[in-house]
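Hi,

Here's the structure I said I'd pass on. Have a look at it first, and then read my notes below.

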Amino acid sequence: MTDIEPDDTVDARGAACPGPLMDLIGAIRSAESGEVVRLLSDSDGSLTDVPEWAEEAGNELLAVEELDDHNAFYVEKA
Amino acid sequence: MTERIVIVGGGTGGSVLANDLADRLGPELDAGDVEVTLINDGPDHVYKPVWLYVPFGKREPADGRRALDELVDDAVDLRIDRVSEIDTDSQTLRFDGTAPSMEYDRLVLATGSTLEPEQIPGLVEGGHDYYSESGATDLREELLAFTEGEIVLSVIGTPHMCPAAPLEFVFMIDDWFRERGLREDVEVTYTYPIQRVHGNPHIAEWARPIMEERDIAVETFFNAESVDPDAETITSMEGTELDYDLLVSIPPHGGVDLIEEAGLGDDGWVDVDKHTLEAEAADNVYALGDTADTGVPNAGSVAHYQAGVVGQRLASEIRGRPATATYDGKTLCFIETGMDSASFVEFDYENPPSPAPPSEKLHWSKLAYNEAYWLTARGLL
């Protein structure tokens with residue numbers, strides 16, 4: 001378990017790729033610099049495309065939490 | 001007691017469903033046991049796929065418009081009004097102005113997508129589109145005057161209507177300038193928000209080599225943040241800046257506000273069971289087409305197939321039988337690969353697409369279907 005407190009949570013469970021990444025991008029778009037968005041996704045594709053996009057966009061992927069049936073990604077907006 | 005079925009939205013999904021119910025529930029409608037009302041905010045049905053051809057001078061916006069009262073069965077009550085509020089507790093719709101409210105027993109939301117270019121600073125002033133009648137005709141004037149320079153096609157909003165249309169546009173524009181002997185003087189760049197050129201990995205894998213062959217530059221992980229209409233640049237959240245002489249965008253999309261206000265889902269999309277298309281947050285409410293948040297493409301074929309499912313389910317419910325019809329994700333799409341060739345895909349929740357080799361025959365099949373569409377809208381095809 002992480003103790004990171006997100007400013008916003010996007011629940012994209014049930015959505016197929018690239019839905020979760022697009023939901024994350026939408027939340028980061030409206031976030032302020034330094035804020036943390038938590039993405040909940042049960043799509044395996046998120047394990048690769050979220051880190052790839054975070055690096056490309058210069059945002060920091062602070063943690064990936066593996067939960068029972070989904071993952072939680074914590075991304076801080078640069 | 002009369003069962004009141006109300007459909008909001010007279011696009012592909014709403015019109016096909018209204019005609020489907022008129023046919024399926026004919027005896028009940030004749031007997032007055034059921035009423036079907038179709039509400040639309042204007043008198044016309046609009047077939048949006050026509051707009052792709054307008055910038056190239058191949059079609060006119062009027063080719064995509066027909067009066068709803070000519071398309072919809074006379075057994076359906078057609079009401080031209082704008083719904084301002086959905087109250088799912090009292091099962092009541094309220095309207096703009098002084099129009100009286102309306103109660104429903106079963107509601108189907110088919111309100112579709114709207115464009116929200118104002119989400120991106122500078123896009124309204126600097127960008128063009130072919131996702132609206134006025135956008136398509138304005139773009140036609142720009143293209144006819146364009147003989148050299150950089151064209152950027154930027155996919156900004158996802159989900160957006162017709163996911164294949166951005167690929168089609170760059171394939172067509174490449175061919176259009178090539179045939180006119182101008183392609184060497186025109187650079188074409190395609191941008192997409194994720195790491196590939198299309199949301200569906202199978203279609204992306206198919207399209208990318210064609211783009212390379214055709215000298216269409218690609219920028220992936222490009223999420224437009226702002227447009228500077230004076231400097232003619234578009235900048236992404238990822239920090240990439242592109243110069244353009246002509247910017248064509250797929251603007252951000254949203255659903256209608258009243259869906260979120262009714263607590264049925266975010267951004268105007270209704271949270272539904274992706275098989276039954278029943279709303280998750282309210283009883284006796286269905287959604288279909290773009291309005292239903294199923295994760296499948298926002299395409300006319302989807303709305304068409306979903307209308308058949310909802311029609312069967314409503315008829316079963318009215319007759320007191322278990323509703324067994326379900327939507328399997330079926331999507332069908334022609335993809336133009338030039339001015340006289342096209343591919344074709346068909347897929348569902350379980351089976352991915354496998355694009356057919358492009359051919360002139362498929363191109364003519366697409367054009368033929370665009371004419372035959374008016375039979376679909378009438379519920380005949």
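Chain B has 10 helices and 23 strands. Keep in mind as you read that this is a predicted model.

How big is the box that the C-alpha atoms of chain B fill along the principal axes? Roughly 70 × 40 × 35 Å. The radius of gyration of chain B is 21 Å, and a compact globule with 381 residues would come out near 21 Å, so the two agree. As for burial, 48% of the 381 residues in chain B count as buried. If you take the contacts in chain B with a separation of 6 or more, 62% of them are between residues 24 or more positions apart.

Chain B also comes with a domain assignment: domain 1 is 3–113 + 255–318, and domain 2 is 118–252. Between the C-alpha centres of these two domains of chain B there are 31 Å. Where they touch, domain 1 of chain B puts in 14 residues and domain 2 of chain B puts in 18. On the domain 1 side of that contact in chain B, you'll find nine nonpolar residues, three polar ones and two charged ones.

Now for chain A. It is built from two helices and four strands, and reading from the N terminus the order is β-α-β-α-β-β. Chain A has 78 residues, for which the globule rule gives 12 Å; its radius of gyration is 11 Å, close to that, so chain A is as compact as a globular protein of that length. Its C-alpha trace spans about 30 × 25 × 20 Å along the principal axes. In chain A, 38% of the 78 residues count as buried. Of the contacts in chain A between residues at least 6 apart in sequence, 65% join residues at least 24 apart.

There's a record to go with chain A too: an unreviewed UniProt entry annotates residues 10–34 as "domain: UPF0033". In the model, that span of chain A is 48% helix and 8% strand, with 17 Å between its end C-alpha atoms.

Last, how do the two chains meet? Here 14 residues of chain A are in contact with 11 residues of chain B. Which helices of chain A each supply at least two residues of the side that touches chain B? They are H1 (19–30) and H2 (46–57). That side of chain A is made up of eight nonpolar, two polar and four charged residues.

Cheers

Note on methods: Residues are numbered from 1 along each chain as its sequence is written. Chains are lettered from A and ligands numbered from 1 in the order in which they are written. This is a predicted model: local features need pLDDT of at least 70, side-chain atom pairs count only at pLDDT 80 or more; totals for chains, interfaces and linings use all residues. The radius of gyration is taken over C-alpha atoms; the globule rule is 2.2 Å times the number of residues to the power 0.38. A residue is buried if 20 or more other C-beta atoms lie within 10 Å of its own, exposed if 12 or fewer, and partly exposed in between; C-beta atoms are placed from the backbone. Two residues are in contact if their C-beta atoms, placed from the backbone, lie within 7 Å. UniProt positions are given in the numbering used here, feature names are shortened, and annotations may be inferred rather than shown by experiment. Ala, Val, Leu, Ile, Met, Phe, Trp, Tyr, Cys and Pro count as nonpolar, Asp, Glu, Lys and Arg as charged, and the others, Gly among them, as polar. Domain bounds come from an automatic or database domain assignment.
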